[in-house]
Every structure is written in C-alpha cells, then in structure tokens.
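Here are a few exercises to work through with the model open beside you. Try each task before you read its solution.

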Amino acid sequence: MKQKLLISACLCGKNTKYNGKNNKIPNLEVLENFYDLILVCPEVMGGLSTPRDPSEIKGDLVLSNRGKNVTEYFKSGAYQTLEIALKYNVEIALLKESSPSCGVHTIYDGSFTGKKIAGMGITAELLRNNGIKVYSEDEIDILLH
C-alpha cells in the first residue's frame, strides 16, 4: 500500500487558485507512482470562491487586496485540512510555496507588491505544528528518494 500524500489541489491541475487557474506540477504522474494523493485547497474548503481577490498575511491577519479581513476563512480551511490529514494518517504534505495558506518557506509580505519574505502559510504552519512534514513543490525530489 502506498503512503498517503496530502497535496495542494492547484499543484494537481485543479483550478483553485485565486485567479481561477492552477499551478500543475510537471511530474505529477511520478508522484502518483509513489503516493496516494489526497487533494486539498484550504482556501476553497474555508469558504472562499474561485476566483477570489488575492490575499496576503500581514501580522496576525490575512487581508485581501481590497482590505477585507479573510483570516477566519483561512483558519477554517487550515483546520479542515488538518482534520483530513489526521483522518487518513497523513505524515507528509506537498504544498504550494508562497501561498498565504500553503507557503512552506516563503509568503508574500502583505504589501501586494510581489515581495516575498521568510514565513509559513496558515495551513502549512498548522500541519507542521501537528507533526506533519511539509514540503513545497520545489522539494519534490526529496519525496521521490
């Protein structure tokens, strides 16, 4: 039986990004040879639409580019993602880097100018704090060895 891998739905070609598009990774089929994929989009699961206004983390809040506080949507989606991970005994997750939900190493700085800073998204941090190893799409090679 293959190990389960929690993965950002946008990385699997699902159109769940804020702009209605996706971030499909080129070597998805290789991952499927090694893992049973469990697709999640914390932002959609938390109640946000697709497409939606882009959002960034600023301090303890997640704000849209129009200044709307969307923090609770992000937190709700993060906790729903954690519930799925725990239900399926997931030990590892592959998440979309720089996302306010899924960023593993970087997030946007909250200024909506494209500047990235070191930090984690709401979901990535919650998963990590609950013992799940989180990786970004830039680290797929780690998962294939």
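**Exercise 1: the buried side of a helix**

The buried residues of α4 are T123, A124, L126 and L127; buried means under 20% relative accessible area, exposed over 50%, and partly exposed in between (1.4 Å probe, protein chains only). Helices (H or I, at least four residues) and strands (E, at least two) are DSSP runs, numbered from the N terminus. Before going on, please note that this is a predicted model, in which local features need pLDDT of at least 70 and side-chain atom pairs count only at pLDDT 80 or more, while totals for chains, interfaces and linings use all residues. Residues are numbered from 1 along each chain as its sequence is written, and side-chain values use heavy atoms, with hydrogens and water left out.

Task: work out how these four residues of α4 are arranged around the axis, and what covers them.

Solution.
- Step 1. T123, A124, L126 and L127 cover an arc of only 165° around the axis, so they lie on the same side of α4. The arc is that of the directions from the helix axis to the C-beta atoms.
- Step 2. The cover over the buried residues of α4 includes β1 (3-8), α2, α3, β5 and β8; contact here means heavy atoms within 4.5 Å.
- Step 3. Just after α4, look for G131, which takes a positive phi of about 85°.

**Exercise 2: the nonpolar cores**

Task: find which residues touch the most other members of the largest nonpolar core.

Solution.
- Step 1. A nonpolar core is a set of buried Ala, Val, Leu, Ile, Met, Phe, Trp, Tyr and Cys residues joined through side-chain atoms within 4.5 Å.
- Step 2. The largest such core has 17 residues, and L6, A85, A93, L95, L127, I132 and V134 touch the most other members. Two or more residues of this core come from each of β2 (35-40), α3, β5 and α4 (122-129).
- Step 3. Take A85 as a worked case: leaving aside residues up to four places away in sequence, A85 touches L6, V90, L127 and I132. A second, separate core of 14 residues includes L5, I7, C10 and L28.

**Exercise 3: the salt bridges**

Task: list the salt bridges and say how exposed their partners are.

Solution.
- Step 1. A salt bridge is a side-chain nitrogen of Lys or Arg within 4 Å of a carboxyl oxygen of Asp or Glu, and the structure holds three.
- Step 2. E43 and R52 meet at 2.8 Å, N to O. E43 is buried at 10% relative accessibility, and R52 is buried at 12%.
- Step 3. D53 pairs with R66, with the closest N and O atoms 2.9 Å apart. This pair links distant parts of the chain, 13 residues apart: D53 is in the loop between α2 (42-45) and β3 (55-58), and R66 in the loop between β4 (61-64) and α3. D53 is partly exposed at 31%, whereas R66 is exposed at 68%.
- Step 4. E137 pairs with K96 at 2.5 Å between the closest N and O atoms. Again distant parts of the chain are linked, 41 residues apart, with E137 in the loop between β8 (133-136) and α5 (140-143) and K96 in the loop between β5 (92-95) and β6 (106-108). E137 is buried, with a relative accessible area of 16%.
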